[in-house]
Every structure is written in C-alpha cells, then in structure tokens.
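Please consult the sequence and the structure shown here alongside the text.

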Amino acid sequence: MESLPEVSEQARQLREQIERHNHVYYGLDAPTVPDAEYDRQFLELLALEAEHPELRTSDSPTLRVGGKPLPEFTPVRHRVPMLSIRTETDTEPSGARKFDARVRRELGLGESDAEVEYAVELKFDGLAVNLRYESGVLVQAATRGDGETGEDVTQNVRTIRTIPLRLQGNAPEVLEVRGEAYMSRPDFERYNERQRTLDKPTLVNPRNGAAGSIRQLDPALAARRPLSFFAYGLGETVGWTQPNTHRGVLDSLQSFGVPVCEHRTVAQGADGLIEFHARIRTLRDSLPFDIDGVVYKVNSLALQQRLGFVTREPRWAVAHKYPAEEAMTMVEAIGVQVGRTGALTPAARLTPVFVGGVTVTNATLHNENEVRRKDIRVGDTVIVRRAGDVIPEVVLVVLERRPDTVTEFVMPKTCPVCGSAVERPEDEAIARCSGGLFCPAQRKQALLHFASRRAMDIEGLGEKLVEQLVDEAIVKTPAGLYRLGIAALANLERMAEKSASNLLAAIDKSCSTTLARFIYALGIRNVGEATAKDLARHFGNLDALMAADEARLRQVPDVGPIVAASIVRFFAEPHNGEVIAQLRAAGVHWSEGETPAIAMPLMGKTFVLTGALPTMSREVAKELIEAKGGKVAGSVSKKTNYAVAGSEAGSKLEKAQQLGVTILDESKLRELLEQ
C-alpha cells in the first residue's frame, strides 16, 4: 500500500500533466494526447482526491469545468454557471443501469414505483458555447471557460451560419441558449484536404477544429473554418415561462429557429436508456458529425430541481461514452502505396490498437509533406484517429516518447510497384509514378482513359470489362488491347460472342486515329484534350514531340514550365516508350507531317462557354470553335478573348464583364465562326 507522501506526489504529477494538457488543448489548440488518455488521468486524480480529500488543492483541475479564458478575449461572467456533466466511462449497458439506479435512489423511489422518464440526446464532440439573445437578437456569445467566466467570442460565432442572429416568433426578453459548436466530418475533410494542397497545417480532429475556430483572434480566419451548432440547454431566461420538461425546452428552442439535433427522444427507465445507447452506437459511423457518447437527462424540470448538484455537476444528467476514436500506438514501419492515378501515398504500419470500435493496424500519412510536417518516424509513439468510415490517420507524434535512434522518412525515387521513376514537381505535394502506361497499379485507370470517347474512342470498353481484363491478367498495357481475340473475351462474364465481336471491331476501328487523340490517350499528366491538339498542330508528328526538350515545348501556345516538364518526364520513362512502340507495331496509326497550310481564323483566341445556348450544346460549340483553331477554357481570366453566354449564365459571365471580355450570344458566335 502506498504511503500518503507517495499518493500526494502522484496527485501532484497528475495535476501538472492535466494542466499541461489543458493548456495545449484550450490555450494553444494543439492537443498532445487523445481524449481517452486525458480522461484516464482525470479520473485517476478524481479517485485519489475522493479517497484522500486532504490532497485536493484549490487549483486542482477537478474543481474546474474547462480551460482558462485567453487573455486576448474579453471575460464574460456567466449569470448562470455553465457546468459540465459527469461522464460514465463504462461503455457497456451497465453504465446506463448505474445512472438510473443512482437517480431512483436520490429520489427515494422503490422497486414498485414508476420508471423515471429521461430526455436522451447525443454528446457532441465540439466546443460548448452560450448564446445570449435579448429581445430576440443575438447580443453575445461566450465559451464555457472555467464554468464561472468564459470568453467573449461573439464575432467568431456570428460566422456560424446555422446560428440565427434573430430568433423567430415571440422571443423572451432574455434567452441564453447553450449548445455545441462543432465541425462536421465532410467540412473537416474538405478543410484538411485544402490545407494539404496548400502545404499548410491541418487540423488534428473536428473537435480541435471547432475549438480553434471559436477561439481564433481574427474573425476572418474563423470564418474560413466551417462550423455548425446544436442547442442542448438553457442559461439565464427573463420574461419566459419555461416548459415543464427538458424535451419541451428543446422543442421551444427549435420553434425559435435555433438548430436542435433530430437524434433525440424520451426514454423510460434503464431499459430505455440502454436501447437508445445501443441504437445510436449503430448509427455513430454514419452520422455527419463526431459524437463520443450519448447524454441522459431526467426529463422533468421539477425532478431536476429536486436532484440538484454535487461538486458542480448535476445529479440529474450523465454522459455515457462510446469507445474512443483516438488512441496511442507505435509506428512499426512506413510503406508506400501506389494509387490508380500513380499517386504515391505513405502509409504507417502500426502496432495493433483498438480505436473507434475496430482494431487498426494501418493508417494513411497522405503525402510526403504531411510526413515531414508532422515529423512521423518509424519507432514513434503516435495518436491515431478513426472516425466513421474515414481511413485511420496518424494525427500527432508524442515527441516525449520518441527514441533516440529513429530516422527521418525518405520517399522512394522509383515506383515500388513497377520500378519507374517517381516524379514530384516543386509546386505539388504528391509524388507520382511516371510509368502511366506500364505500371500495374495504374492499369485500370490508364485503359479507361485510353479507350474514352475523346481519346481512342473504343466503344464497349467500359469500367466493368476493364476490371475483368486487368484482374484476369489478360491485358497489362493499352497495347494488349490490340492483341485480344474472341477466345480470350468469350470466357469473361456477360461477354457473349456477338459482344466480343463488336468490341474487337471497335478496337480495330480505333487503329486509325489522329495524332491529337493519340497524344491525349497516352494520359500524360497535365496534358488535356486542348493541349494535345496544340502539341499535334505544333509538332506535326509524334517522334518530334517525343524528342522535344522543355525549351522547345514551351514554344507551344499555353504550354508552360509545369506542362513541359510533365511531357519530358513521361517520354523519358523507358516503359512508356516501349508501350508506344508496341501500339505502333500493332497498327495504331495517324496522318503525320500535316500542319495547317493557312492561318486558321480563330487561332490564338480563347473562349469560355457559360449558360445554355438556344440551339447547340456546349459540346457542339466547343467542337466548332476548335475546328476553326480556337481554344475553349473552363474559367475566365485576363487571357480570355470571348465569353459565349446563354440562358442562366452565372459567375463566369459576371467575371467576364468585370474584366471587359467581349460577350457573345449564339448568333454572334455563329457569325464569328462563318468568317
């Protein structure tokens, strides 16, 4: 048995650790341990102080509800303390039974008495805020802070579009709405993907994203992080007769236009709580936002008053948690996966860890920049997050546990699947395999693009058939299509003799093509259909294009350094050259050496199409413009010469007008084409 001095030292260390966690989470928006680890330490300290009350200090984190207000924000004194509720960490049904038994005991109910009615709802994983409305108008928003004093975050909260700035209907003189500001999973993923593209820091998790947004000193920056809000209770009210139940309170808030989550109901007794806990657990992964549990509240406000509070927590409510979606584990190795577009994605092999209801052994590291930014190394202890169907992700390295022997990750110089060179332009975050026509990891994508209508136009070669051809190892490169026979196709699913004959006829027909189509079919990175046409016009034959250096390529209209570098890298890869030679040997051909004899009327002119034209589709308009030497772009810029506008033209038309671009309707376009 430990001595009192030993227990005292243990409590002191726990207080220091918890305060450090509070500081980096709430003060710096940079958590260093998962929530489950924080909860474990907090409960351990709570148990020590309960067993030895004399060890509880006046600054113990167990006496505080949240984090300290940042000094940069104006303090807000809560007129009604903004307290947190106790957490039941027993994730099994027994947790609900314990709470119901405790409530019945406090109310003096016996076995023969009626079941207690509970309002049950979700436990959102965000940041608690208090919204103060006066005469129906939002006048102030504040964080929970330490429960007594929070931070004035009104300007930031105003950027949350789901929060009404004015209540609907006959609003009370004063109404304080309490709820959770949160970031949805889709918004979180979109934000992080954009940050990764810009090579900027990503958010650790949606909860941290919400906390960081609300407590952002610049409201303009806060507005860039999309947040939402759900109400779950009240603070001060003046001039309003409250309903008799918590369910009625939420219904009333909803009638005022305040968002309230639809996943709430009334449950009877312990069995009702257990059923709700189990049902929401099955829905958890499909919800568009994170929850870490459910909340049970005695529905009757009169009974809530009878039950009262203990240690600044209500006796009438509890949060019943689910298994944590974040956990600590170790990185055993870092491998590299090759996607169907050639993108190389680092992936961590982990010491198996149970997180989010499953055992996780692998996690994505996104790209080389992300590995560098987070400084993830083999041998590191890391925090892994898994939410819903999202692929597990390493969000943080626990640097305090890093061994001295770890070394930095190095991205391979050659593709781990096919051995082709790996390329990564300076302005891009993603490294890619350059063996597009050869690499097994890219076969399906390469074949589908090669056969597409604007490329080689092989009718009947769709996604399902390509999957069979690749999975059965019948076709390995586009050149393999031209060696197919009836026998090979007849054994495939849903491929009758007539269908096989039609496909072979389409493949044979595709042998005669144009240089522009063939260049586009190769799938060179950054070379679209328009650029392929420009290259075909400029060089006249494929060999000249394949031999061109970057300087020569940049003489082609609209070919800049990025596109030129992509073309050079593609043709420098021997595997790609081999496939091109095989295609030519199989009979794929086009007219070479032809260049325009006269200047085409729209040569060098750039068009943008917007809206619906009266008698022609955009596809037809695009083909007519390109036939006269013009180029059709997808967006308006200073280089745009004409904007062709039809009905319901949108922002492209507005931008063209702002830039002084010549606007054409369909009749004016036809006049231009007939010149």
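The points below are grouped by topic, after a note on conventions.

This is a predicted model, in which local features need pLDDT of at least 70 and side-chain atom pairs count only at pLDDT 80 or more, while totals for chains, interfaces and linings use all residues. Residues are numbered from 1 along each chain as its sequence is written, and side-chain values use heavy atoms, with hydrogens and water left out.

**Nonpolar cores**

- The largest nonpolar core has 54 residues, of which I458, L481, Y482 and L535 touch the most other members.
- A nonpolar core is a set of buried Ala, Val, Leu, Ile, Met, Phe, Trp, Tyr and Cys residues joined through side-chain atoms within 4.5 Å; buried means under 20% relative accessible area, exposed over 50%, and partly exposed in between (1.4 Å probe, protein chains only).
- Helices that each supply at least two residues of this core include helix 12 (443–451), helix 15 (497–510), helix 17 (529–539) and helix 20 (561–572); helices (H or I, at least four residues) are DSSP runs numbered from the N terminus.
- Helix 16 gives the most to this core, with 6 residues.
- V129, V177, W240 and L253 are among the 33 residues of a second, separate core.

**Helix 3 and helix 9**

- The axes of helix 3 (residues 94–107) and helix 9 (residues 269–283) cross at roughly 145° and come within 9 Å; axes are lines fitted to C-alpha atoms, for helices over the stretch in contact, with angles from 0 to 180 degrees between N-to-C directions.
- On the helix 3 side A96, R97, F99 and D100 take part, meeting G269, A270, D271, L273 and I274 in helix 9.

**H575**

- H575 lies in helix 21 and is buried, with a relative accessible area of 18%.
- Leaving aside neighbours within four places in sequence, H575 is in contact with C418, S420 and F438.
- The side chains of H575 and S420 are joined by a polar contact of 2.9 Å (a pair of N or O atoms within 3.5 Å; within protein, one must be able to donate a hydrogen and the other to accept it, and residues adjacent in sequence count only if both atoms are side-chain atoms).

**Helix 6**

- Helix 6 (residues 206–214) is largely enclosed by the rest of the structure, because 8 of its 9 residues are buried.
- Among the buried residues of helix 6 are P206, N208 and I214.

Notes
Contact = heavy atoms within 4.5 Å.
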